[in-house]
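Please look over the sequence and the 3D structure below. A short briefing follows, grouped by topic.

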Amino acid sequence: MFIRIEKGSSVPISRQIVSQVRAQCLAGTLEPGEKVPSVRELAVTLGVNPNTILRVYEKLTAEGYLQRRHGSGTFIADQLPMSQLASQTHHFEEELQQVIRHGQMLGLDQGTLQAMFNRLLKQTHNLPEGESEE
Amino acid sequence: MSGPIDISVQHLSKHFGRKQVLEDVTFEIQRGQTFALLGRNGAGKTTTLRMLMGLLKPDKSSPSGVSGSMSVLGFDPRKQAIKVRSHVGYLAEDQKMFGWMSVRQIVDFMAPFYPKWDKELANRYLQKFELSATTKVKHLSKGQGVRLGLLCALSHRPQVVILDDPALGLDPIMRKEFNRDLIVHLQSEGRTVFYSSHLLYEVEPIADEVAILDRGKIVIQQDTESLRRDVKKIIMDTKDFDTHTELLSKLDVYRGYGKTNTTITNAQQSIEKLRDSAVKFEVIDLNLDEIFEAYVIGRPDGQVHQTDEEPQMQEAM
């Protein structure tokens with residue numbers, strides 16, 4: 001599990017970790033049933049208070065992303081909470097809208113924005129062994 | 001999250017000559033918590049820590065006449081300083097050690113001061129901290145020096161550890177290493193840690209709770225996530241600000257270009273009230289450095305940007 005902490009960010013550290021784990025579940029980078037580091041391991045790797053990691057794991061467990069199996073550790077849930085993931089998608093849509101507004105403020109018209117979006121989509125899409133088009 | 005209170009400071013004050021260095025400082029630290037005392041240079045951090053170790057005597061009472069008290073693991077540092085020092089791991093700011101001694105000699109020199117010194121543990125720390133026993137203390141790097149200090153502070157298995165700006169003078173990589181040491185050797189073992197720092201972004205990942213000390217007074221004490229939830233910046237038109245000013249608990253007010261930026265506490269409540277009154281405003285999340293600044297140098301009575309009188313500037317932007 002790869003988590004990146006941005007120090008001095010206006011986003012609290014626990015929220016940074018939570019949203020990265022959610023995003024990686026959504027993207028399939030973290031697969032159902034996969035084992036995640038123990039609280040202490042992740043605390044040491046990230047240099048973050050174990051209490052913070054514990055709260056993050058508790059939150060993600062309550063949301064259904066993680067499963068804590070007694071004695072054997074913490075895992076990505078077998079059944080990911082799809083409705084939760086849908087709200088993530090919704091959140092992403094809002095962010096994208098913000099970006100579009102930003103573009104409009106810079107005076108980019110619809111055609112330019114569209115072209116830019118398509119170009120970036122293509123670029124990003126071609127990087128990992130090209131999933132199915134369409 | 002309730003356990004015994006390992007450190008308690010009540011209405012503590014201290015003056016040097018005419019200068020009031022600490023005024024009515026009060027806080028408590030629960031067992032197993034990591035508590036960071038933040039403040040600018042000269043805010044009174046070291047004075048507070050030294051008083052807890054019984055190295056400085058506090059004033060009998062605060063300027064307003066309230067009598068102060070302290071307790072560390074149930075001991076009173078004013079009367080039982082030796083007890084406190086033998087039960088607490090302490091790392092002084094810029095700890096001086098005899099440069100001509102070797103690491104081994106320092107460790108052997110420290111041991112007899114502590115009834116519970118664990119020789120085996122000291123040796124294990126030597127290995128873990130990658131310190132060579134034969135190196136002369138004067139040849140240690142800054143980071144190695146801090147690690148040696150930490151070794152001395154930890155080898156008697158203290159329940160409480162007090163560290164005075166341990167990250168001072170460490171480079172970014174050593175600071176990260178130090179934070180890891182803190183997690184592995186202190187937090188994971190349930191110790192109570194009280195440390196001071198002026199580097200907020202280094203403290204945030206580690207501390208359960210922070211207190212900001214400014215000019216001798218604690219201005220806020222909270223866990224970092226609640227602090228971030230409570231303190232926000234609100235941007236609104238100055239005319240709206242003027243009519244709704246009583247809804248905001250202000251830490252800092254900055255006017256300019258027809259807008260007013262207000263850093264507020266109790267943000268959730270204020271934002272709800274503003275929404276109810278249908279004013280247009282924007283909420284900005286702040287990082288800990290900005291929150292610290294607002295508490296320490298914020299001006300609730302407002303600062304005015306020079307060009308406030310020229311509203312045409314707004315169009316020019």
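B:Lys45 lies in helix 1 (residues 45–52) of chain B. Helices here are DSSP runs of H or I with at least four residues, strands are runs of E with at least two, and both are numbered from the N terminus. The model is predicted: local features need pLDDT of at least 70, side-chain atom pairs count only at pLDDT 80 or more, and totals for chains, interfaces and linings use all residues. Residues are numbered from 1 along each chain as its sequence is written, chains are lettered from A in the order in which they are written, and side-chain values use heavy atoms, with hydrogens and water left out.

**Around B:Lys45**

- B:Lys45 counts as buried because its relative accessibility is 8%. Buried means under 20% relative accessible area, exposed means over 50%, and partly exposed lies in between (1.4 Å probe, protein chains only).
- Leaving aside neighbours within four places in sequence, B:Lys45 is in contact with residues including B:Arg40, B:Ser196 and B:Leu213. Contact means heavy atoms within 4.5 Å.
- B:Asp165 is 120 residues from B:Lys45 along the chain, yet their C-alpha atoms are separated by 8.9 Å.

**Chain B as a whole**

- Chain B has twelve helices and 14 strands.
- Its C-alpha atoms fill a box of roughly 70 × 45 × 40 Å, taken along the principal axes.
- Chain B has 317 residues, and 50% of them count as buried.
- Take the contacts in chain B with a separation of 6 or more: residues 24 or more positions apart account for 70% of them.

**Where chains A and B meet**

- On chain A, 20 residues are in contact with 19 residues of chain B.
- The size of an interface is often given as the accessible area lost when the parts come together.
- Between chain A and chain B, the buried area (accessible area lost, 1.4 Å probe, summed over both) is about 1700 Å². Carbon and sulfur atoms give 49% of that area.
- The rule finds two salt bridges across this interface. A salt bridge needs a side-chain nitrogen of Lys or Arg within 4 Å of a carboxyl oxygen of Asp or Glu.
- One salt bridge joins the side chains of A:Arg55 and B:Glu225 (3.7 Å, N to O).
- Helices 1 (13–27), 2 (39–46) and 3 (50–63) of chain A each give two or more residues to the side that touches chain B.
- Helix 2 of chain A gives the most to that side, with five residues.

Notes
Buried area = accessible area lost by both parts, 1.4 Å probe.
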